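Work through these exercises with the structure open beside you. Try each task before reading its solution.

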Amino acid sequence: MNSPLHSAAPSAPQLISVIAPCRNERAAIDAFCDSALAQQLPPGWQLEVLVADGRSDDGTRERLAERAAQDARLKLIDNPDRIVSTGLNAALAAARGAVIARFDIHTEFAPDYLAECLAALARTGADNVGGPWVARGQGATGRAIAAAFQCRWVVGGARSRDRAYEGEADTIYLGCWPRPVFERFGGFDERLVRNQDDEHNLRLRLGGARLWQSARIRSVYQPRSRLSDLFRQQQQYGYWRPFVMRKHGQPGSVRQLVPALFVLALAGGALLAPWWPWPLGVLLASYALYLAGTSLAAARQAGEWGLLARLPLVIAAYHLGYGVGTWRGLTDLLLKRRAGQHWSRLTR
């Protein structure tokens, strides 16, 4: 798809719209607004930031209204359905920009983030561009979660976690699109509480669109800081995976199926254990060796050997949470239960 960046007259002012969903983010909203409004755009570009608030009741909405009154570039959008996909679509409907960029409340953006997105769109002619998904945790557990998040041996070699990768991608973190992409492929699937971004990227790829990851597009994401929160988050991500697969007849990538297969093998081994204990023993021993090696790799990559004691549990929480969630989603899908009945409708 040809980008409007190539066709507009150089002297014509253009608008880039940032869209971001949020709910009950009072502690983070000021830092987000500061980061978004501090973007340094190329000459001839102007900025608007649309935050879709999901009826926050912790003061987020009031603080957003105060900030919007102070800076006309910031706009508060109502999101009565309170989930990410409806918030993104509400902000998208109100956006006026020739280019749309998605931001996340818990991500810190380099001052030239949008400028590099615009440069990547113009340079590659891609339909969606973004940078690597880089995590920086707080506290010992948060840093261990970030170290595992960044390790290719934990995430199945996902290129989205590779800080240095530049090239075609199967999915994009957050994203930046020329507006015609949404006119061609539509917005975000409001039936999905989670994974609406992965589904949108898959929809683009299946329709022949090009996705591009650039190492020049820099941001830092703040992951969970508690093991229980991480496990619950991964359960939710895994839960919505079968619903994406039902829609498109395939997963976004094969690696997304591995945690569910691992959980299935554990369950099968446990059932057989009274008669044949060796399959479960071999599986557990193999996974223990994997956890040891992967923990070493993650600690070395992060440069924090003090995280070694925490990393095995963190890595297991990633895999088991996602795998268990996938099977719960598949069960609800097969039994035709109401999707998402197990999970609160959280935006984060």
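**Exercise 1.** Which residues does Asn201 touch, not counting residues up to four places away in sequence? Then place Asn201 in its element and classify its burial.

*Solution.* This is a predicted model.
- Step 1: list the contacts. Asn201 touches Asn128, Asp170, Thr171, Ile172 and Leu211.
- Step 2: look for a polar pair. The side chains of Asn201 and Asn128 make a polar contact at 2.9 Å.
- Step 3: find the element. Asn201 sits in helix α8, residues 196–206.
- Step 4: classify. Buried means under 20% relative accessible area. Asn201 has a relative accessibility of 3%, so Asn201 counts as buried.

**Exercise 2.** Check the span of helix α6 against its number of residues, then list its buried residues.

*Solution.*
- Step 1: count. Helix α6 covers residues 139–150, which is 12 residues.
- Step 2: get the expected span. The rule is 1.5 Å times one less than the number of residues. For α6 that should be 16 Å.
- Step 3: compare. The end C-alpha atoms of α6 are 16 Å apart, so the two values agree.
- Step 4: list. In α6, the buried residues are Gly142, Ala144, Ile145, Ala146, Ala147, Ala148, Phe149 and Gln150.

**Exercise 3.** Describe the largest pocket: its volume, its lining and the elements that supply it.

*Solution.*
- Step 1: volume. The largest pocket has about 1,200 Å³.
- Step 2: lining. There are 49 lining residues, and Trp133, Arg161, Gln234, Tyr237 and Tyr322 lie nearest the centre.
- Step 3: elements. Those giving two or more residues to this lining are β1 (14–22), α6, α8, α9 (227–248), α10 (258–272), α11 (278–302) and α12 (311–334).
- Step 4: top contributor. Helix α9 gives the most, with five residues.
- Step 5: classes. The lining of the largest pocket has 26 nonpolar, 12 polar and 11 charged residues.

**Exercise 4.** Where do Arg55 and Leu174 lie, and is each buried or partly exposed? Start from their phi values.

*Solution.*
- Step 1: recall the rule. Most residues other than glycine have a negative phi.
- Step 2: read the angles. Phi is near 55° for Arg55, a positive value. For Leu174, phi is near 65°, also positive.
- Step 3: locate. Arg55 is in the loop between β2 and α3 (60–70). Leu174 is in the loop between β7 (167–168) and β8 (176–178).
- Step 4: classify. Arg55 has 36% relative accessibility and so counts as partly exposed. Leu174 is buried, because its relative accessible area is 7%.

Definitions and conventions. Residues are numbered from 1 along each chain as its sequence is written. This is a predicted model: local features need pLDDT of at least 70, side-chain atom pairs count only at pLDDT 80 or more; totals for chains, interfaces and linings use all residues. Side-chain values use heavy atoms; hydrogens and water are left out. Helices (H or I, at least four residues) and strands (E, at least two) are DSSP runs, numbered from the N terminus. Buried means under 20% relative accessible area, exposed over 50%, partly exposed in between (1.4 Å probe, protein chains only). A polar contact is a pair of N or O atoms within 3.5 Å; within protein, one must be able to donate a hydrogen and the other to accept it, and residues adjacent in sequence count only if both atoms are side-chain atoms. Contact means heavy atoms within 4.5 Å. On a 1 Å grid over the protein atoms alone, a cavity is a set of points where a 1.4 Å probe fits but cannot get out, and a pocket is an open set with protein on both sides within 12 Å along at least five of seven lines; lining residues have an atom within 4 Å of a point. Grid points are joined across faces, edges and corners, and a volume is the space filled by probe spheres set on the points. Ala, Val, Leu, Ile, Met, Phe, Trp, Tyr, Cys and Pro count as nonpolar, Asp, Glu, Lys and Arg as charged, and the others, Gly among them, as polar.
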